[in-house]
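User: I have a model open and would like to go through it with you. Could you take me through it topic by topic?

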Amino acid sequence: MEIINYEILKKYPLCDRCFGRLYAKLLHTTNTERGRALKLYKALELEAKIKKAKEKGINYEEELELLKALAKSGVDEIRLEDIEIEKENCPWCRGIFNKQKMEKLLNKAIELLKEYDFDTFLIGTHIPEEIKDLEKEIETEFMESIKQEFGREFGKMLAVRLDKAPDKEYPDIVVHINPYTEEIYLQINPLFIKGRYRKLVRGIPQTRWPCRKCRGKGCELCNYTGKKYPISVEEIIAKPFLEATKGVDAKFHGAGREDIDVRMLGDGRPFVLEIKEPKIRKIDLNKIAEEINKDGRVEVLNLEFGVRKDKVIFKNTPHRKTYRALVECSDKITDEELKLLEKELENRTIYQKTPKRVLHRRADLERIRKVYKVKTSKVDDNHFEMIIYCDGGLYIKELISGDDGRTNPSVSSILNKNCICKELDVLKIHDNNLLEKG
Ligand SMILES: [Zn+2]
Ligand SMILES: [Zn+2]
C-alpha cells in the first residue's frame with residue numbers, strides 16, 4: 001500500500017498546507033513545506049511518465065487525471081501543455097490560515113482582551129461540523145487535526161503580540177474562536193484565593209442566607225434585602241476582593257461550617273474564595289486581609305492564590321476538631337461529677353440520630369462519632385466549661401443535651417441532669433495543612 005494517498009486530491013483539491021497536515025507526524029518541517037514537497041515530487045514523476053507514454057504512443061489517461069488534480073490543488077509549475085487548470089479553493093482549511101484573516105482575528109481578540117488583566121491564556125478552537133466530517137473522511141494515521149494546528153498557530157501569534165504565555169492546565173482566560181465563522185468570545189476563568197478565617201462573634205452565618213419567603217428577591221419580611229441575616233462571613237470576606245478585582249460575583253467554599261451562633265476561633269477554618277470573571281488578578285492579598293480584619297467580626301489569615309482544584313480538596317473530608325462549650329445544668333454540679341464526666345467521655349463512641357433541629361432538611365440517620373478527650377472546669381454551681389476533642393461531624397449541642405435520647409451517651413445522660421449548650425466555639429480544626437496535601 002502506498003503511504004501517500006494522492007488519489008484524495010482528485011476528490012478534494014487540498015492546499016499544500018492541508019495535504020502536508022495529513023502527514024504531519026512525519027519529518028520535522030512545516031505542513032506547507034511537506035505538502036508542497038510531496039506534490040512536486042508526484043507532479044515531476046507524472047510529467048516524466050506522460051512524456052514517455054506520448055513518445056511511445058501509449059495511453060496516459062490515468063497519469064493525466066492525477067496531474068490535473070495536482071494542478072487544481074495549486075501546483076502551477078507543471079510544464080505539460082495539456083494542463084491549463086484554474087486552482088480551486090481548499091475545502092478543508094477554506095483559507096483560515098490566510099495572513100490577513102488571521103491578523104484580523106488577532107486584532108479582534110486583542111481588543112476583547114484589553115479589559116482584562118491576565119498572565120496566561122489558552123486558545124479554544126471550534127470547527128464547523130462539516131469540516132470535522134471531511135477531516136474524518138480523509139484522515140491518515142500521521143495526521144494532525146486542523147483544530148490543533150490553528151490553535152497552536154493562533155496561540156503563538158497571540159503570545160508574541162501580548163507577550164504572555166499559553167497555559168494548558170490553568171489558563172486565566174480561554175479565547176474561544178471559530179476561524180471559519182470568525183466568531184470570538186472570552187471565557188474568563190475565576191480567580192481562586194485560599195486562606196483561613198476566624199469568626200469572632202456569634203450570629204453570623206458562613207454564607208449568604210436567602211430570605212425563606214422571597215428566596216432572595218426582597219420582601220417585607222426581609223426588609224427588601226432578600227436575606228435572612230444581614231451579613232455573612234462570605235460577604236465580609238468577598239466584598240473587598242470583588243472591589244479589588246472588579247469581578248462579577250464571588251463564591252465561598254468553606255471546609256465545613258459552624259452554626260450561626262458558634263464562633264470559629266484558634267487558627268481558623270480553611271476556605272477558598274472563587275471570584276468570577278475578575279478584571280484584575282494582581283491584587284495585594286496583605287492589603288485586602290488588613291481591610292477585612294478591620295471589620296472586627298471576621299478575620300482572615302494565610303491568604304494565598306489558589307487553583308481550581310483547591311475548592312474540592314476539602315469537601316467531604318471531616319477533620320477532628322476541638323471545641324469549647326459553656327454548659328448550663330438544671331441542677332447543681334459537683335467537681336466529682338465533672339471528673340466522672342471526663343472519664344466517661346474519654347475515647348467514647350457516640351451514637352447520634354439526626355438532631356431534631358435539622359431533621360426538616362436532613363435525612364433521619366444514625367451517625368457514629370468518637371469523643372477522644374474532654375476537659376472540664378466549673379464556672380459556678382450550674383455552669384461549667386468543656387473542652388472537647390472529637391471527630392468532625394459530631395453534633396456538639398446534642399452531645400450535651402442528649403436531644404431527648406437521640407444522642408447516646410450525652411452529657412445529660414451521664415450526669416443525669418438536663419444540660420444545654422449555652423455557648424460554643426470551634427477552637428481548632430485538625431486539618432494538618434490539608435490545603436497543601438492535595
Ligand atoms: Zn487547505
Ligand atoms: Zn424576603
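User: To begin with, is Cys211 buried or exposed?

Analyst: Cys211 is buried, with a relative accessible area of 4%. Buried means under 20% relative accessible area, exposed over 50% and partly exposed in between, with a 1.4 Å probe and protein chains only. Please note that this is a predicted model, in which local features need pLDDT of at least 70 and side-chain atom pairs count only at pLDDT 80 or more, while totals for chains, interfaces and linings use all residues. Residues are numbered from 1 along each chain as its sequence is written, chains are lettered from A and ligands numbered from 1 in the order in which they are written, and side-chain values use heavy atoms, with hydrogens and water left out.

User: Which residues coordinate the zinc ion (ligand 2)?

Analyst: The SG atoms of Cys211, Cys214, Cys219 and Cys222 coordinate this zinc ion at 2.2 to 2.3 Å. Donors are N, O and S atoms within 2.8 Å of the metal (3.2 Å for Na, K and Ca); water is not among the atoms, so sites may look incomplete. The donor residues have the sequence spacing C-x2-C-x4-C-x2-C. Cys211 and Cys222 both lie in the loop between β5 (191-199) and α8 (233-245), so the pair ties together parts that are eleven residues apart in sequence. Helices (H or I, at least four residues) and strands (E, at least two) are DSSP runs, numbered from the N terminus. Cys222 is buried, with a relative accessible area of 8%.

User: And what is the geometry at that zinc ion (ligand 2)?

Analyst: The site of the zinc ion (ligand 2) is tetrahedral, with angles of 104 to 113 degrees among its four donor atoms. Four donors count as tetrahedral if all angles lie between 85 and 135 degrees.

User: What coordinates the zinc ion (ligand 1)?

Analyst: The zinc ion (ligand 1) is held by the SG atoms of Cys15, Cys18, Cys90 and Cys93, at 2.2 to 2.3 Å. Along the chain these donors follow the spacing C-x2-C-x71-C-x2-C. Cys90 and Cys93 are buried.

User: Why is the arrangement around the zinc ion (ligand 1) called tetrahedral?

Analyst: Its four donor atoms subtend angles of 105 to 114 degrees, which makes the arrangement tetrahedral.

User: Changing topic: which residues of α4 are buried?

Analyst: In α4, the buried residues are Leu64, Leu66, Leu67, Ala69, Leu70 and Ala71. Their cover includes α1 (8-11) and α3 (31-56), where contact means heavy atoms within 4.5 Å.

User: How does the span of α4 compare with what it should be?

Analyst: Helix α4 (residues 61-72) has twelve residues and should span 16 Å at 1.5 Å a residue; its end C-alpha atoms are 17 Å apart, which agrees. The expected span of a helix is 1.5 Å times one less than its number of residues. Just after α4, Gly74 takes a positive phi of about 115 degrees.

User: Now the strands. In what order do the four strands of the open sheet come?

Analyst: The order is β2-β1-β3-β4, with mixed pairing. The edge strands, each pairing on one side only, are β2 (165-166) and β4 (183-188). Two strands pair if DSSP finds at least two bridges between them. Strand β1 (residues 120-125) runs parallel to β2, joined by two bridges, and Phe121 has Pro166 in β2 as its bridge partner.

User: What does β10 pair with?

Analyst: Strand β10 (residues 348-353) is joined by six bridges to strand β11 (residues 366-380), and the two run antiparallel. Tyr351 stands opposite Ile368 in β11. β10 also pairs with strand β13 (residues 407-408) in the antiparallel sense, over two bridges.

How values were computed. Four donors count as tetrahedral if all angles lie between 85 and 135 degrees; four count as square planar and six as octahedral if opposite donors are over 155 degrees apart and all others between 65 and 115; anything else is irregular.
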